[in-house]
Amino acid sequence: MSIESVSSLDPAVDAAAPEAPSLPDQRGHFGQFGGRFVSETLMAPLAELTDAYEQATADPAFWAEMEADRRDYVGRPSPIYHAQRLSAEIGGAQILLKREDLNHTGAHKINNTIGQALLAKRMGKTRIIAETGAGQHGVASATVAARLGLKCVVYMGAVDVQRQAINVFRMKLLGAEVVPVSSGSKTLKDALNEAMRDWVANVDDTFYIIGTVAGPHPYPKLVRDFNAIVGREAKAQMSERYGKLPDALVACVGGGSNAIGLFHPFIGDREVAIYGVEAAGKGLSSGRHAASLCAGKPGVLHGNRTYLLTNADGQVTETHSISAGLDYPGVGPEHAWLHETGRAKYVGVTDDEALAAFHKLSRCEGIIPALESAHAVAYGMQLAKTMRPDQQVLVNLSGRGDKDVHTVATLEGIEL
Amino acid sequence: MSNRIDSRLAELGGQGRCALIAFITAGDPAPELTVAAMHALVAAGADIIELGMPFSDPMADGPVIQRSSERALAKGMTLRKTLDALAEFRRSDSRTPVVLMGYLNPIEYMGMDAFAERASAAGADGVLLVDCPVEEIDTCGETLSGHGLRQIFLLSPTTSAQRTEQICAQGQGFLYYVSLKGITGAGSLATDEVAASLRALRARTRVPVAVGFGIKTAEQAAALANAADAVVIGSALVEQLAEASSAEQLAAMAGEVLAPLRRALDDVRDSRAA
């Protein structure tokens with residue numbers, strides 16, 4: 001791809017498109033959400049990161065390097081696949097899958113880590129830290145760190161280290177150090193706290209690669225911009241193949257990086273309905289879920305104002321989902337804003353529904369989805385049923401399910 | 001509006017003394033011991049109490065204070081009970097300034113207005129919101145000062161000159177200088193460097209300057225006493241008090257930790273006077 005066409009992938013160009021939202025504002029706010037709620041010590045490194053990002057995005061060489069990495073290392077563009085057998089069986093709208101599962105390392109997470117690692121390199125940082133829940137972002141961070149020869153430390157809740165032994169080993173194979181976090185609920189949110197603490201103490205040589213569109217400004221913007229390649233590609237692919245945009249977009253939302261990546265370039269396209277799918281776990285009324293938009297309220301966690309799941313005292317509560325990647329008590333501030341403005345609709349899919357979709361897609365299309373993505377597939381099927389066969393639902397298949405086969409086997413009482 | 005923080009620091013400053021600020025987490029080691037712990041701190045020589053409002057995700061705190069928050073929450077401590085404990089403390093101590101220190105979320109769930117009103121009624125003098133930098137205070141700043149509460153801001157070694165100016169301009173009560181790049185209770189201090197930064201900061205503001213994060217020993221406190229208006233001791237204290245199971249034990253342990261610091265600070269005063 002030439003430099004000219006590369007520059008058309010630049011988010012700065014995207015932002016100039018008619019109706020495209022110019023959020024966040026200078027201070028990182030999406031309406032009342034977002035912002036920079038961190039202790040004083042982090043204010044300077046966040047400002048430094050913001051400046052470095054602005055400089056990088058204004059530099060065509062940065063995007064050229066990114067584009068080359070996306071093409072040759074990640075394997076982009078990812079195709080859009082028409083799930084014909086599944087669509088026929090559901091009997092409604094056509095279900096299309098954006099195949100982020102085909103990326104190197106098996107999920108959309110690499111879109112972000114490639115970008116942040118290039119930024120780290122530009123800033124002269126020699127050490128990368130990351131938090132991870134299921135381990136996908138940890139693996140994607142360890143991957144880019146290995147490639148660029150940077151030291152990598154991944155914080156992971158002690159409970160998740162147990163649950164995701166294979167990904168822990170993958171990270172170690174890639175040369176990363178995995179630090180189990182045994183504070184709080186010993187899961188993703190605590191890993192994020194711990195990574196922040198590391199960053200505060202080591203800001204001089206360390207770059208913190210946050211794995212989702214949460215955290216303090218500029219992370220929600222930066223992670224979104226790096227993932228927005230998903231939506232931009234999808235838009236171009238749809239126009240080219242079908243001469244129209246899809247009628248609806250569906251993506252799963254934990255922190256929400258794959259979803260915002262798909263949604264963002266379509267926000268100005270009012271004819272496209274947008275659905276974010278949260279993990280309803282054992283059911284929204286059970287209290288055992290991770291659906292912060294469906295069942296939470298606004299608060300402040302991990303450096304930004306957003307929707308949260310807490311108790312009445314404002315203490316962040318433990319969440320539950322069959323999928324570790326959605327098991328997070330907050331959500332990216334841009335999703336909170338899309339929710340509040342009504343531009344996107346957020347719904348819940350239970351563990352059982354996601355598991356059924358996991359099997360359905362495997363048997364019907366020969367694609368084993370990640371349990372996270374299975375939530376989106378489940379809602380995509382429900383939605384398609386209510387639509388006409390000449391309509392299209394584009395589901396973001398954010399990751400592949402290899403990492404989940406042990407979980408699914410265990411749930412079904414099968415010993416591997 | 002007169003405020004206990006202002007008058008206490010003015011009084012000590014007039015005597016050439018450096019104030020000792022003692023931090024504990026409300027509800028740790030047990031909710032029913034919080035009031036006794038506060039009295040124990042005063043008896044052991046604390047000039048100002050910083051009362052931590054426990055939070056599930058204390059991002060800026062090191063392991064010692066994280067665990068104290070976890071213990072407090074596990075024993076049922078809440079923001080409401082924290083304010084109740086403060087009100088009870090005030091019944092027998094109307095003089096010691098108390099700063100409430102914590103994270104935004106529990107406060108926002110109570111509602112900033114309700115919090116400011118209840119905290120003020122309970123006898124709080126200041127509020128330090130760890131995760132609310134000057135850029136984000138716009139609404140809550142007025143609410144707090146409207147109830148006579150001083151909003152205490154942090155400054156750190158990484159704070160830019162421009163932001164230092166902004167924070168100094170908005171500072172009330174005292175400015176809290178974070179002595180190291182890191183979390184509470186961490187690392188080792190280069191006291192010479194910290195003292196130099198403190199002197200530079202004090203030259204730029206009329207608000208008293210406290211220093212904390214990582215101060216563990218009397219020697220460190222003494223080395224900073226000439227450069228600061230107040231020294232904060234937190235993790236080292238919390239770690240000790242965690243073992244206490246009665247008011248008597250709290251009193252003994254608070255004395256053990258604070259008495260050497262108190263002596264060190266007063267020796268500096270005496271050497272100044274001499």
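Tutor: Let's start with the rule: a disulfide here is a pair of cysteine sulfur atoms within 2.5 Å. This is a predicted model, and by that rule the count comes to 0 disulfides over all chains. Take Cys294(A), which is in no disulfide. The nearest cysteine sulfur to that of Cys294(A) belongs to Cys252(A) and is 13 Å away.

Over in chain B, Cys132(B) has its closest cysteine sulfur in Cys140(B), 4.2 Å away. That is too far for a bond, because the cut-off is 2.5 Å. Cys132(B) counts as buried, its relative accessibility being 3%.

Now for where the chains meet. The contact draws 40 residues from chain A and 37 residues from chain B. Between them, the two chains bury about 3,000 Å², and carbon and sulfur atoms give 50% of that area. On the chain B side, Met59(B), Tyr109(B) and Glu136(B) supply 27% of the area that chain B buries against chain A, more than any other three residues.

If you care about electrostatics, there are 4 salt bridges between chain B and chain A. In one of them, Glu108(B) pairs with Arg305(A), and the closest N and O atoms are 2.4 Å apart.

Which elements of chain B give two or more residues to the side that touches chain A? They are helix H3 (63-74), helix H5 (104-110), strand E6 (153-155) and helix H8 (161-170). H5(B) gives the largest share of that side, 5 residues. Sorted by class, the side of chain B that touches chain A has 19 nonpolar, 10 charged and 8 polar residues.

One last stop, back in chain A: Thr187(A) sits in the loop between strand E7 (177-181) and helix H10 (188-201). Leaving out residues up to four places away in sequence, Thr187(A) touches Gly157(A), Val159(A), Asp160(A) and Arg163(A).

Conventions
Residues are numbered from 1 along each chain as its sequence is written. Chains are lettered from A and ligands numbered from 1 in the order in which they are written. This is a predicted model: local features need pLDDT of at least 70, side-chain atom pairs count only at pLDDT 80 or more; totals for chains, interfaces and linings use all residues. Side-chain values use heavy atoms; hydrogens and water are left out. Contact means heavy atoms within 4.5 Å. Buried area is the accessible area (1.4 Å probe) that two parts lose on being put together, summed over both. A salt bridge is a side-chain nitrogen of Lys or Arg within 4 Å of a carboxyl oxygen of Asp or Glu. Helices (H or I, at least four residues) and strands (E, at least two) are DSSP runs, numbered from the N terminus. Ala, Val, Leu, Ile, Met, Phe, Trp, Tyr, Cys and Pro count as nonpolar, Asp, Glu, Lys and Arg as charged, and the others, Gly among them, as polar. Buried means under 20% relative accessible area, exposed over 50%, partly exposed in between (1.4 Å probe, protein chains only).
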